[in-house]
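Look at the sequence and the fold below. Then read on for a short tour of contacts, core, charges and surface.

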Amino acid sequence: MENPRKYRIDAERGKLVLGRFEMPFPRSPIARIVLGSLLVFFGFLGFLPVLGFWMIPLGLLVLSHDIPAVRRFRRRMGIWWRKRFPQVNRAGR
């Protein structure tokens, strides 16, 4: 049975699933931490061409796979978002 969550890390297949898009995901924890850190760092430079602020949440998602503090922050933000914007969660179902 497929996981119903739209945004997740599929560790078995080594993929980062973002809705209907799938991206390869490093299997090495060090590579994931470096990739996530770079995404967050360059996300803060989102005002520059080519880079974007979209890189910050993606970097946090990648980092949350290996760092418990980031995972807790991501979960708290997800809960806050669902409470703050309940209509957005129901629209996709």
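Start with L61. Beyond its neighbours within four places in sequence, L61 is in contact (heavy atoms within 4.5 Å) with I9, L16, L18 and R74.

This is a predicted model, where local features need pLDDT of at least 70, side-chain atom pairs count only at pLDDT 80 or more, and totals for chains, interfaces and linings use all residues. Residues are numbered from 1 along each chain as its sequence is written, and side-chain values use heavy atoms, leaving out hydrogens and water.

L61 also belongs to the largest nonpolar core, whose eight residues are I9, L16, F25, L39, M55, L58, L61 and V62. Such a core joins buried Ala, Val, Leu, Ile, Met, Phe, Trp, Tyr and Cys residues through side-chain atoms within 4.5 Å. Helix α2 (residues 55-63) gives the most to this core: four residues.

Now the charges. Side chains of opposite charge can pair when their charged atoms come close. The structure holds two salt bridges (a side-chain nitrogen of Lys or Arg within 4 Å of a carboxyl oxygen of Asp or Glu).

| Salt bridge | N to O distance |
|---|---|
| R13 and E22 | 2.5 Å |
| D66 and R32 | 2.7 Å |

D66 lies in the loop between α2 and α3 (68-84) and R32 in helix α1, so this pair ties together parts 34 residues apart in sequence. R32 counts as buried at 9% relative accessibility, whereas D66 counts as partly exposed at 23%. Buried means under 20% relative accessible area, exposed over 50%, and partly exposed in between (1.4 Å probe, protein chains only).

Methods:
Helices (H or I, at least four residues) and strands (E, at least two) are DSSP runs, numbered from the N terminus.
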